[in-house]
Amino acid sequence: MRGFGSAFFPIVCASFISCPEVNHGTAMAADSPVKFSLLHRTCKLVVLLCFLHISVTFFFYVRSLDVRSAFVQNQQSHNVSTQANRVVDVDFPSETEPKEGKAQKEVPGELLPKEEKGDETEAAEEPRDEKKKLEKCPETSPLLVGPLRIEFNTPVNLDQIKQQNPNLQPGGRFRPGDCLALAKVAIIIPFRRRDEHLKFWLFYLHPILQRQQLDYGVYVINQDGEAVFNRAKLLNVGYTEALKDYNYECFVFSDVDLIPMDDRNIYRCFSQPRHLSVSMDKFGFRLPYSQYFGGVSSMSKEQYLKINGFPNNYWGWGGEDDDIFNRLSSRGMSISRPSGEVGKCRMIRHDRDKQNDPNPQRFDRIAHTRDTMHKDGINSLSYNVVKTERLDLFTKITVDVGKP
């Protein structure tokens, strides 16, 4: 249209200028009224065409201004949008930490997409909702597998055990993440110079205890020095020290060399004191005698306090487990056990420890349990903590329990 106007404009001007020349010649052509009338009409037509041309040119000029204005606005809007997108892209949280020396920018809330802001809110509220919805673990864990193959031929190391149990917390603590455990259990292990046995115990028991969906902690009570070993007193120390950590409701007392062969043998407390190592390979997978309460047992806090804990005066091997049975019996409690099949255990073969010879006074002490239990137990316990170590797989508490 611009080309048409440029070509047409000189013609219009020439036509418009020729009109006066026609007027000057009217005197000489007075005798020609027809010619004058023709020229006059032609001049009017030219003026009309000129006006039309100007109108059309003005119309397209104004329209071109509107187009340029809209284009500029679109460009500005596009630039703002691009800048906003760049800010969001730069400051979205990433999996890697910002490099040193670069400050993290804050993104204005209005620049963040609504969906992402909503996701952040849901992510923040999700743990609270999950905690509210957390239900108690079932009475029988669905994770149990039953009979287990227990072997001691291949050595294990602590790093290997740690890698296989990534959910353990420092000190050998664990609680299920998808339900509320039915029991808070402290596992107490009397100990001295049995590191290889402890590795096997940790290797097998941590997975078992986790499948049983227990809220538990493992406490290895290490007797310091070279004095005669005192298993029952170390168990009293473990009970006392574990309660300083957590509000445990149940206590499992386990020798370090006994491994259960079935994870259905639950390491928790029951309405009556529980004997867990029912049938050991050492005894041909049979209970040696009906009053036997050695190896692995469990008691609730109430049951333990009812018998004043364990005796402190059994130095050397043997007798303390029979004393504990007498205490329970004298308080009207009976021993509960799993079946012989579920209660199977394997013992790690070893020579008797030095400074743990049979206690020659054990039979006499067992005969007087009812007379001594009210003054010999948790109420008369004395010891000194030498060192407490919160290790990855267990809590090790080294104590001085004195001498006979």
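This is a predicted model: local features need pLDDT of at least 70, side-chain atom pairs count only at pLDDT 80 or more; totals for chains, interfaces and linings use all residues.

## Helix H8 and what follows

Helix H8 itself spans residues 320-330 and is mostly covered, with nine of its 11 residues buried. The buried residues include the acidic Glu320, Asp321, Asp322 and Asp323. Ile324, Phe325, Arg327, Leu328 and Ser330 are also buried in H8.

What do the buried residues of H8 pack against? Their partners are helix H6 (231-245), strand E7 (296-300), helix H9 (362-367) and helix H10 (369-372).

## The chain as a whole

The chain contains 10 helices and 10 strands. It has 404 residues, of which 41% count as buried. Among contacts between residues at least 6 apart in sequence, 82% join residues at least 24 apart. The chain exposes about 24200 Å², and carbon and sulfur atoms supply 54% of that area.

## Cysteines

How many disulfides does a search of the whole structure find? The search finds two. In general terms, a disulfide is a covalent bond between the sulfur atoms of two cysteines.

The link is right-handed, with 85° about the S-S bond. Cys137 lies in the loop between helix H3 (114-133) and helix H4 (158-164), and Cys179 lies in the loop between H4 and strand E1 (184-191), so the pair ties together parts that are 42 residues apart in sequence. Both Cys137 and Cys179 are buried.

Cys250 and Cys269 form the other disulfide, and here the sulfur atoms are 2.0 Å apart. The torsion about the S-S bond of this pair is about 90°, so this disulfide is right-handed. The pair links distant parts of the chain, 19 residues apart: Cys250 is in strand E3 (residues 250-254), and Cys269 is in the loop between strand E4 (258-260) and strand E5 (274-275). Cys250 counts as buried because its relative accessible area, 3%, is under the 20% cut-off. Cys269 is buried too, with a relative accessible area of 13%.

A further cysteine, Cys345, has 1% relative accessibility and counts as buried.

## Salt bridges

The count of salt bridges comes to 17.

| Salt bridge | N to O distance |
|---|---|
| Glu151 and Arg346 | 3.8 Å |
| Arg264 and Asp262 | 2.7 Å |
| Lys344 and Glu341 | 3.6 Å |

Where do the partners Glu151 and Arg346 lie? Glu151 is in the loop between H3 and H4, and Arg346 is in strand E8 (residues 344-347), so the pair ties together parts that are 195 residues apart in sequence. Glu151 is partly exposed, with a relative accessible area of 31%. Arg346 is likewise partly exposed, at 23% relative accessibility.

For the pair of Arg264 and Asp262, are the residues buried, partly exposed or exposed? Arg264 has a relative accessible area of 41% and is partly exposed, whereas Asp262 has 2% and is buried. In the pair with Glu341, Lys344 counts as partly exposed at 24% relative accessibility. Salt bridges that share partners also join Arg149, Glu151, Asp281 and Arg346 into one network.

## A nonpolar patch on the surface

Leu45, Leu48, Leu49 and Leu52 form a nonpolar patch on the surface, and together they have about 380 Å² of accessible area. Leu48 is found in helix H2, which covers residues 33-91. An α-helix has 3.6 residues a turn, so residues three or four places apart point the same way.

Why does Leu48 count as exposed? Its relative accessible area is 54%, and exposed means over 50%.

Definitions and conventions. Residues are numbered from 1 along each chain as its sequence is written. Side-chain values use heavy atoms; hydrogens and water are left out. Patches are made of residues with over 30% relative accessible area and no salt bridge: like charges are joined within 9 Å, nonpolar side chains (Val, Leu, Ile, Met, Phe, Trp, Tyr) within 5 Å. Accessible areas come from the Shrake-Rupley method with a 1.4 Å probe; for residues, only the protein chains shown count as cover. A salt bridge is a side-chain nitrogen of Lys or Arg within 4 Å of a carboxyl oxygen of Asp or Glu. Helices (H or I, at least four residues) and strands (E, at least two) are DSSP runs, numbered from the N terminus. Buried means under 20% relative accessible area, exposed over 50%, partly exposed in between (1.4 Å probe, protein chains only). A disulfide is a pair of cysteine sulfur atoms within 2.5 Å. Contact means heavy atoms within 4.5 Å.
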